[in-house]
There are 2 protein chains.
Amino acid sequence: MSQHIAKQFDTELEDVRAHVLQMGGLVEQQITRAIEALSSGDVAECERIIEADHQVNRLEIEIDEQCSHIIARRQPTAIDLRMILMMVKTITDLERIGDEASKIARMAKNLHEREQVHLPRYREVKHMSEIAVDMLRQSLDAFARLDVSVPAKVVRLDEQVDEEFKTIIRTLITFMMEDPRTISSSLEILWVAKAIERIGDHAKNMSEYVVYLVKGKDVRHVSADQIEREVGQ
Amino acid sequence: MSQHIAKQFDTELEDVRAHVLQMGGLVEQQITRAIEALSSGDVAECERIIEADHQVNRLEIEIDEQCSHIIARRQPTAIDLRMILMMVKTITDLERIGDEASKIARMAKNLHEREQVHLPRYREVKHMSEIAVDMLRQSLDAFARLDVSVPAKVVRLDEQVDEEFKTIIRTLITFMMEDPRTISSSLEILWVAKAIERIGDHAKNMSEYVVYLVKGKDVRHVSADQIEREVGQ
């Protein structure tokens with residue numbers, strides 16, 4: 001590549017990366033707003049969140065197109081190509097996180113339209129969502145800086161999300177057994193907790209791609225300690 | 001491209017496609033075996049299914065590598081490039097389906113180790129899984145033949161899966177309310193049903209990629225009727 005073309009290519013790549021980060025920011029907002037709406041019961045806000053999912057979807061398509069164009073026009077190889085393919089995977093996870101956020105908003109809407117104001121375990125679910133959002137933020141950061149020291153932290157946070165998820169389910173079971181009339185509302189909050197658990201999984205995938213890109217190692221289904229060994233931290 | 005290179009390229013592309021279909025076949029088997037194990041309670045079989053998930057993961061990595069190599073060496077453009085990028089997305093969904101199958105096997109193992117032989121709604125769950133497997137098979141078929149008449153059918157089957165899922169949840173709620181001692185086992189089968197519902201979603205994604213590839217249209221979040229209009233069937 002001539003210097004001029006190489007520079008253009010870098011600019012284009014930077015542009016896609018900025019786009020991915022923008023998509024990540026939007027998705028992060030969607031989660032936070034959906035969890036808020038769960039407690040505020042603001043039905044109009046729920047509808048706005050559901051509506052905004054189109055924006056997330058549109059961004060995925062745009063970035064996908066951008067990636068295809070760059071590959072077709074610039075014919076990148078080695079690390080540049082892997083970087084682009086990794087972005088294609090990352091935005092798929094971001095789009096799915098967006099879906100989960102919009103599902104939570106839909107559940108919030110249903111609950112409040114039925115005037116179900118008491119949500120069992122809301123505080124715990126909110127806390128769980130804060131960790132998941134933190135995971136997402138750190139994964140985006142790892143992506144932006146290609147920082148392989150982050151993924152092990154994200155995996156540890158995911159273990160925490162999974163633990164909190166199990167605890168919530170256990171307490172919900174006790175709650176339902178003590179008062180079977182709470183079964184329906186308990187299941188609603190259980191689905192919200194499940195959506196957050198999945199958001200954590202997607203964020204984890206995203207940071208695993210970073211390790212794969214930088215180190216060429218597949219660290220899915222391995223522990224945080226192993227990841228640290230793999231990346232030599 | 002010279003004719004010779006073009007032919008090599010076609011052979012390579014065919015090879016990846018065959019690999020994707022092989023991965024699809026393996027994943028299909030994993031689901032069916034996991035659902036069987038749920039009723040047979042064969043713990044050794046559960047462990048074999050969980051173990052076989054590594055094969056699914058390895059195939060994903062291999063196909064990913066193959067796709068990168070083809071892009072780097074052949075520098076495909078237009079439809080060929082989109083075809084490769086679509087395979088990269090398809091195998092991500094296949095890998096996630098594999099994860100869900102292995103989760104079901106893990107649940108089957110847990111249930112039977114606790115000697116929980118009575119599974120509420122097993123018959124319904126099995127039926128739901130058969131539709132999901134059918135969706136997967138048809139999506140793979142749509143992919144193999146780039147047949148855009150299939151996706152609308154897959155979307156309709158997904159609506160059926162979602163309906164059956166809701167019915168199972170509703171009956172489980174009644175069941176739990178009538179006898180709160182069944183709450184724990186009901187939740188286990190609820191998670192299995194949820195895993196199958198997600199398998200349906202992934203299969204649906206896969207057939208939507210086919211429409212996107214062939215028609216350049218994003219048909220996520222639209223109805224089966226709309227898809228038929230989009231593809232002009």
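**View 1. Order of elements along chain A of the predicted model.** From the N terminus on, chain A runs α-α-α-α-α-α-α, with seven helices and zero strands, where helices (H or I, at least four residues) and strands (E, at least two) are DSSP runs numbered from the N terminus. The C-alpha trace of chain A spans about 70 × 40 × 20 Å along its principal axes. This is a predicted model, in which local features need pLDDT of at least 70 and side-chain atom pairs count only at pLDDT 80 or more, whereas totals for chains, interfaces and linings use all residues. Residues are numbered from 1 along each chain as its sequence is written, chains are lettered from A and ligands numbered from 1 in the order in which they are written, and side-chain values use heavy atoms, with hydrogens and water left out.

**View 2. Helices α1 and α4 of chain A.** The axes of helix α1 (residues 3–40) of chain A and helix α4 (residues 122–145) of chain A come within 11 Å and cross at roughly 175°; axes are lines fitted to C-alpha atoms, for helices over the stretch in contact, and angles run from 0 to 180 degrees between N-to-C directions. The crossing therefore makes α1(A) roughly antiparallel to α4(A), given that angles over 145 degrees count as roughly antiparallel, under 35 as roughly parallel, 65 to 115 as roughly perpendicular and the rest as oblique. The contact of α1(A) with α4(A) has twelve nonpolar, five polar and five charged residues, with Ala, Val, Leu, Ile, Met, Phe, Trp, Tyr, Cys and Pro counted as nonpolar, Asp, Glu, Lys and Arg as charged, and the others, Gly among them, as polar.

View 3. In chain A, the axes of α5 (residues 150–178) and α6 (residues 183–215) come within 9 Å and cross at roughly 170°, so α5(A) is roughly antiparallel to α6(A). Their contact comprises 18 nonpolar, three polar and seven charged residues. In chain B, the axes of α5(B) and α6(B) come within 9 Å and cross at roughly 170°, which makes α5(B) roughly antiparallel to α6(B), and the residues of that contact divide into 17 nonpolar, three polar and seven charged.

**View 4. The interface between chain B and chain A.** Contact (heavy atoms within 4.5 Å) links 43 residues of chain B with 43 residues of chain A. The area buried between the chains is about 3800 Å², of which carbon and sulfur atoms give 60%; buried area is the accessible area (1.4 Å probe) that two parts lose on being put together, summed over both. In chain B, Lys89(B), Arg96(B) and Trp191(B) lose the most area to chain A, together 16% of what that side buries.

**View 5. Salt bridges between the chains.** Between chain B and chain A the count is twelve salt bridges, each a side-chain nitrogen of Lys or Arg within 4 Å of a carboxyl oxygen of Asp or Glu. One salt bridge joins Arg220(A) to Glu60(B), with the closest N and O atoms 2.2 Å apart. The side chains of Lys89(A) and Asp64(B) also meet in a salt bridge (3.0 Å, N to O), and this pair crosses between chains from helix α3 (residues 78–113) of chain A to helix α2 of chain B.
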